[in-house]
Amino acid sequence: MSRNLDGFFRHIAACNTAVLPGGRLEFRLGTQPAGWVQPDLLPVLLRHGMTHAGDSVTLDDPTRLEQVGEAMAREGVYRSHHELFDVWTDMGRPPVARIDRGALPLFGLMAAGVHLNGLVRRPDGLYLWIARRSMTKRLDPGKLDHLVAGGIPAGHTAAQALVKEAAEEASLPPELVARARPTVDIRYALDRPEGLRRDVLHCFELELPPDFVPVPADGEVEEFRLIPLREAYVLVRDTDAFKFNVNLVLIDLFLRTGMIDPATPEGQRLRHGLTGWHAPKTD
């Protein structure tokens, strides 16, 4: 494939636009830092029982976060997704709270999701199942997406969320999804219209039978298409056709399949850009 990898680096940059703290206040749950909030949100947070000292805002009792989030949604501070997500101060430890998915960027909280590369092996090479997101989706309607991708609801492991999303989005049976293997965790931090996203994508890969055809089940997908992996490579390199974070998962796939040489300095830079929150820092 082409040695010019600038198109891939631009996706890494586009998903790491957040400058931290960048004028934000540190958001703490109990004694632990958990996220970042904009100063203009401070009056709302104080009204809901949080405390402000220096450059930090603290909710002393993390278990109150769900209740606070519900109240803020009723007040119109953000639009509720009516879906609870776990909240961590450290993803290596158990979650400490829950909050509506729509509030995660508002607080700059870490969020976790799953992405599945659905591959088909043919005599002429690897093919990739892709989805087109419904035009009614709140986020990035009409963009290309993975066969299966979604956030991890509260109380679910990544594997459990993958089974759930696979059934809802593509009618994949659990026994088939059970063959998926984990590949990499991808991290990024970016500013979006909905707020600060600090996401961890738990990525999986599944080689599907040649005769399997996914079927949209929950209305979130317009259509599925099977395309050569080389076509996906060109789409990621040259366009913005895919949803922003799908590009990162596909860059990992190109590295692992050798379409991008992982041993070159450029390949190593791409790998480094996928595996940590590499946003610029301010003093």
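In the residue classes used here, Ala, Val, Leu, Ile, Met, Phe, Trp, Tyr, Cys and Pro count as nonpolar, Asp, Glu, Lys and Arg as charged, and the others, Gly among them, as polar. The structure is a predicted model, and these classes describe the lining of its largest pocket, which has 17 nonpolar, 9 polar and 18 charged residues.

About 1000 Å³ of space lies in this largest pocket. Its lining comprises 44 residues, and those closest to the pocket centre are His 81, Arg 101, Lys 137, Leu 139 and Arg 197. Domain 1 (5–17 + 111–184 + 193–274) and domain 2 (25–107) each contribute at least three residues to the lining of the largest pocket.

Several secondary structure elements take part. At least two lining residues come from each of helix H4 (104–107), helix H5 (158–170) and the strands S7 (110–122), S9 (144–146), S10 (148–151) and S12 (195–207). The most is given by S12, with 6 residues in the lining of the largest pocket.

The other feature to follow is a sheet. Four strands form an open sheet in the order S2-S1-S4-S3, and their pairing is mixed. Strand S2 (32–37) and strand S3 (51–53) each have a single partner strand and stand at the edges, so one side of each has no neighbour in the sheet. From one strand to the next, the twist averages 30 degrees.

At the S2 edge, the pairing can be traced to individual residues. Strand S1 (residues 25–29) pairs with S2 in the antiparallel sense, over 5 bridges. Leu 29 has Gln 32 in S2 as its bridge partner.

Key
Residues numbered from 1 in each chain as written. Predicted model: local features only at pLDDT ≥ 70, side-chain atom pairs only at ≥ 80, totals over all residues. Heavy atoms only, no water. Pairing = 2+ DSSP bridges. Axes fitted to C-alpha atoms, helices over the stretch in contact; angles between N-to-C directions. 1 Å grid on protein atoms, 1.4 Å probe; cavity = no way out; pocket = protein on both sides within 12 Å on 5 of 7 lines; lining within 4 Å. Points joined across faces, edges and corners; volume = space filled by probe spheres on them. Domains from an automatic or database assignment.
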